[in-house]
Amino acid sequence: MSQMKAVSAEPFGLKRDGGALGTGIKILEKELKRVSLDTVLAKANRVTVRRGSAGAGAFATMKPKPVDWYCFDAGDNTTKEWYPQGLTCASDAGIGGGTFVVSWYHTPASGVERGVRLSFLNTATLRYRHVLLVRAGADGNIAPINIHAGGVAWYGGLLYVADTTRGLRVFDTRQIFEIDGDGTETIGRKGGVYDAFGYRYVMPQTDAWTTTSGTVRFSFAAVDRSTAPDTLISGEYVDTAGTVGRVARWPLAEGGTLNAPAGGVAQAMDAYALPAGKIQGALSYEGAWYLSQTAGSTGNGTLIVVGDTVRRRPYPVGPEDLTCVRDKKTLWSVSEFAGRRVVYGVPL
């Protein structure tokens, strides 16, 4: 029996709220070239180093070290304008290949908000590329999306990005557009040409699931493919002493969307109280829960594994969202702090 304590799932309702997002995307389809995810990966312009020395700072006193890891390039490792948060992979999506997806949020030093970007990392080529997330207005213009993006989950063709107080935003890997302008400081359409802060590719938001309760937070996201049906996971980061967050799972329907019957509300299948505070990521797999707990920017984190017993394992500094590579039986996360940024895997 799992040591996770069940709590009411009632507050964890999500109402589909895509609005008129499709109208703007239809205009983008006429004005910009739509490209495949394979094209983005083939044109990846940044290099990752497998098992690189940059991992040492993130691992600090962790013993044993992760079984594998990938380091971002020097600019992404040290920048203080972008912070990695969410992590998902092709195994979550149910497709082949060794692709990881990392979400980053922007902290503008110049006052210009650039929103959220996703890094698509191809472990076969050791290259990755950033894609900017945008919202397309009814007139076809685009704007950045200013959220924390604490978690990302990939299922089928859809990417679910956590929106802390609102719920989940949805993006489609089949809706990626190539920007035709070169402006690096602006975003939007002007004179029939689109700019996106210098990013070559953008992904417009295609849908949204909004919380029906004001008492729920969405801090991270993951996929459990060992439940029937497969489920989408999200939960709450809480750092107040003496209190803990909750985690919930929603059934996924065919095609990758949440299962929402008449009324348009997707109700969580179950919910649990987390066993500790400062949880940055949660994943359930074959009856066990894996939880990443942070200790700040200097101390090593903890991987809490909850099954019949509760075990605490050494973990890197600044652990974030969690994902699972099922055929290799490995659990992966990403570390967030500047100078210590790696995507790393440990045995389940």
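Trainee: How many bridges join strand S13 (residues 158-163) to S14, and in which sense do they run?

Mentor: Six bridges join S13 to S14, and the two strands run antiparallel. Before we go on, this is a predicted model, in which local features need pLDDT of at least 70, side-chain atom pairs count only at pLDDT 80 or more, and totals for chains, interfaces and linings use all residues. Residues are numbered from 1 along each chain as its sequence is written, and side-chain values use heavy atoms, with hydrogens and water left out.

Trainee: What makes S13 and S14 a pair?

Mentor: Two strands (DSSP E runs of at least two residues, numbered from the N terminus) pair if DSSP finds at least two bridges between them. S13 and S14 have six, so they pair. Within this pairing, Ala162 stands opposite Leu168 in S14. With three residues between them, S13 and S14 form a hairpin.

Trainee: Which sense does the pairing of S14 and strand S18 (residues 201-211) have?

Mentor: S14 and S18 pair in the antiparallel sense, over five bridges. Here Leu168 stands opposite Trp209 in S18.

Trainee: Why is strand S14 (residues 167-172) called largely enclosed?

Mentor: Six of its six residues are buried, so the rest of the structure largely encloses S14. Buried means under 20% relative accessible area, exposed over 50%, and partly exposed in between (1.4 Å probe, protein chains only).

Trainee: Why does Asp270 count as buried?

Mentor: Asp270 has 15% relative accessibility, which is under 20%, so Asp270 counts as buried. You will find Asp270 in strand S23 (residues 270-273).

Trainee: Which side chains does a polar contact of 2.6 Å join?

Mentor: Those of Asp270 and Arg249. A polar contact is a pair of N or O atoms within 3.5 Å; within protein, one must be able to donate a hydrogen and the other to accept it, and residues adjacent in sequence count only if both atoms are side-chain atoms. Another polar contact, of 3.2 Å, joins the side chains of Asp270 and Tyr272.

Trainee: What is the strand order in the open sheet of five strands?

Mentor: The order is S5-S6-S30-S29-S28, with antiparallel pairing. Strand S5 (49-50) and strand S28 (319-325) stand at the edges, each with a single partner strand, so one side of each has no neighbour in the sheet.

Trainee: How many bridges join S29 to strand S30 (residues 342-347)?

Mentor: Five bridges join S29 to S30, and these strands run antiparallel. Val343 in S30 is the bridge partner of Val334.

Technical notes
Helices (H or I, at least four residues) and strands (E, at least two) are DSSP runs, numbered from the N terminus.
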